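Visitor: Could we look at this model together, one part at a time?
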Amino acid sequence: KARSIQECSTALVERFGGKVPRTIEELVSLPGVGRKTANLILSHCFAVPGVIVDTHVKRVAARLGLTTKEDADEVEQDLMKLIPRKAWSDGSSRLLLHGRYVCLAKKPRCAECVLSELCPSAPA
């Protein structure tokens with residue numbers, strides 16, 4: 001990680017004049033920066049809507065039947081089609097938090113879930 005941070009910092013200075021780029025294409029060109037990180041930076045630093053897909057978002061989206069994909073980039077594309085653009089950042093953050101605190105990986109709390117009636121994965 002330290003090497004990636006150093007390489008990214010060098011690239012920021014050499015290629016972008018020390019400024020953080022404002023496009024996903026430029027951000028993912030930096031060492032150690034993938035789409036998740038790029039969307040997070042754009043969303044939280046520059047108020048650019050983005051779907052941030054981590055392990056929690058992937059799990060919840062699959063359980064809710066919002067995607068059948070396993071690859072994070074493909075899950076991102078599926079969610080972008082379903083969630084209105086202006087709600088991309090908040091929507092993915094809500095999915096993340098839901099996965100972190102309610103729809104847990106090993107022991108989902110379906111009895112406590114406000115989405116259980118809509119969820120195809122919830123026990124009947």
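**A histidine and its surroundings**

Visitor: Leaving aside neighbours within four places in sequence, which residues is H56 in contact with?
Guide: Apart from those neighbours, H56 touches L95, L96, G99 and R100, where contact means heavy atoms within 4.5 Å. The model is a predicted one, in which local features need pLDDT of at least 70, side-chain atom pairs count only at pLDDT 80 or more, and totals for chains, interfaces and linings use all residues. Residues are numbered from 1 along each chain as its sequence is written, and side-chain values use heavy atoms, without hydrogens and water.

Visitor: And where is H56 found?
Guide: H56 belongs to helix α4, residues 55-63. Helices here are DSSP runs of H or I with at least four residues, numbered from the N terminus.

Visitor: Is H56 buried or exposed?
Guide: H56 counts as buried because its relative accessibility is 18%; buried means under 20%, exposed over 50% and partly exposed in between, with a 1.4 Å probe and protein chains only.

Visitor: What does the side chain of H56 make a polar contact with?
Guide: Its partner is the side chain of R59, at 2.9 Å. A polar contact is a pair of N or O atoms within 3.5 Å, one able to donate a hydrogen and the other to accept it.

Visitor: New topic: which residues of α5 are buried?
Guide: In α5, which covers residues 72-82, the buried ones are V75, E76, D78 and L79. Seen down the axis of α5, these buried residues fall within an arc of 165 degrees, so they line one face of the helix. The arc is taken from the directions from the helix axis to the C-beta atoms.

Visitor: What covers the buried residues of α5?
Guide: The cover includes α3 (35-46), α4 and α6 (88-101). Where α4 meets α5, V57, K58 and A61 of α4 face A72, V75 and L79 of α5.

Visitor: Between α4 and α5, where does K69 lie?
Guide: K69 is in the loop between these two helices. With 34% relative accessibility, K69 counts as partly exposed.

Visitor: How are K69 and K58 placed, in sequence and in space?
Guide: K69 and K58 are eleven residues apart in sequence, and 8.5 Å separates them from C-alpha to C-alpha.

Visitor: Which residues is K69 in contact with, again leaving aside neighbours within four places in sequence?
Guide: K69 is in contact with E74, V75 and D78. With D78, the contact includes a polar one between the two side chains, at 3.4 Å. D78 is also one of the buried residues of α5.
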